[in-house]
Amino acid sequence: MHPHEELLHRFYQGFQRRDHAAMAACYHPEATFDDAAFSLRGADIGAMWRMLCERGKDLTLTYNHIRADDAQGQAVWDARYTFSQTKRRVHNHINARFTFKDGKILTHHDQFNFWRWSRQALGPVGWLLGWTPFLQQKVRKSAAEGLQHFKASRGV
């Protein structure tokens, strides 16, 4: 198995255990992370995983289709959890893409169907507006504010 495949297995196994420190250790100091809710750099990535792991008391995660070589990697993963703001159950199916530097994750991009996610997480509002840039931007703003508040509350 390629060392970068092993790295991705360590990352997702850490996620399954909700071990944010193990997850953060997989990233290069110059790493970037992007998905529909967050666009992060460096240490903020580890802070996001810490927030999600600590808040996700009922989070379950499965992953598969790990592939990686010297330059890039990919994975498919599914998260099931209760969205804290609405107490609604979510099943999110994510395709992840990675690049690597010095044996660590340099770029991580998670892609998922935002409208599907918003219908589950937000209910009728997500059903009506989940496809719009307006709701997507509102979710990104709320996620960024939530992460800043979390970091301040933990002294991170």
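Student: Through how many residues does a hairpin join strand 1 to strand 2?

Tutor: This is a predicted model, in which local features need pLDDT of at least 70 and side-chain atom pairs count only at pLDDT 80 or more, while totals for chains, interfaces and linings use all residues. Residues are numbered from 1 along each chain as its sequence is written, and side-chain values use heavy atoms, with hydrogens and water left out. Helices (H or I, at least four residues) and strands (E, at least two) are DSSP runs, numbered from the N terminus. Strand 1 and strand 2 are joined by a hairpin, and the number of residues it passes through is four.

Student: In which direction do strand 1 and strand 2 run, parallel or antiparallel?

Tutor: Strands of a sheet pair through backbone hydrogen bonds, either parallel or antiparallel, and here two strands count as paired if DSSP finds at least two bridges between them. Strand 1 and strand 2 (residues 39-41) are joined by three bridges, and their direction is antiparallel.

Student: How many bridges join strand 1 to strand 6?

Tutor: Strand 1 covers residues 27-34 and strand 6 covers residues 104-111, and the two run parallel. Across from Y27 stands I105 of strand 6. The number of bridges that join strand 1 to strand 6 is four.

Student: Which strands stand at the edges of the sheet?

Tutor: The sheet is open, with six strands in the order 2-1-6-5-4-3 and mixed pairing. The strands at the edges each have a single partner strand, so one side of each is left without a neighbour in the sheet, and these are strand 2 and strand 3 (60-68).

Student: Which residue of strand 4 is the bridge partner of N64?

Tutor: Strand 3 runs antiparallel to strand 4 (residues 72-83), and seven bridges join the two. In strand 4, the residue that pairs with N64 is V76.

Student: At about what angle does helix 1 run to strand 3?

Tutor: Helix 1 (residues 3-16) has 14 residues and spans 20 Å from its first C-alpha to its last, close to the 20 Å expected at 1.5 Å a residue, where the expected span is 1.5 Å times one less than the number of residues. Its buried residues include L7, L8 and F11, where buried means under 20% relative accessible area, exposed over 50% and partly exposed in between (1.4 Å probe, protein chains only). Axes are lines fitted to C-alpha atoms, for helices over the stretch in contact, and angles run from 0 to 180 degrees between N-to-C directions. Helix 1 lies across several strands, among them strand 3, to which it runs at about 175 degrees.

Student: Is Q16 buried, partly exposed or exposed?

Tutor: Q16 lies in helix 1. Not counting residues up to four places away in sequence, Q16 touches L61, T62 and Y63, where a contact means heavy atoms within 4.5 Å. The relative accessibility of Q16 is 38%, so this residue counts as partly exposed.

Student: What is the relative accessible area of F114?

Tutor: F114 is found in helix 4. Leaving aside neighbours within four places in sequence, F114 is in contact with A36, G130, L135, Q136 and V139. F114 is buried, and its relative accessible area is 7%.

Student: How are helix 3 and helix 6 placed relative to each other, roughly parallel or roughly perpendicular?

Tutor: The axes of helix 3 (residues 43-55) and helix 6 (residues 133-154) come within 10 Å and cross at roughly 85 degrees. The contact is made by residues including M48 and M51 of helix 3 and L147 and F150 of helix 6. Angles under 35 degrees count as roughly parallel, over 145 as roughly antiparallel, 65 to 115 as roughly perpendicular and the rest as oblique. Helix 3 and helix 6 are therefore roughly perpendicular.

Student: Where does K87 lie?

Tutor: Most residues other than glycine have a negative phi. K87 is not a glycine, yet its phi is positive, at about 65 degrees. With 63% relative accessibility, K87 counts as exposed. K87 lies in the loop between strand 4 and strand 5.
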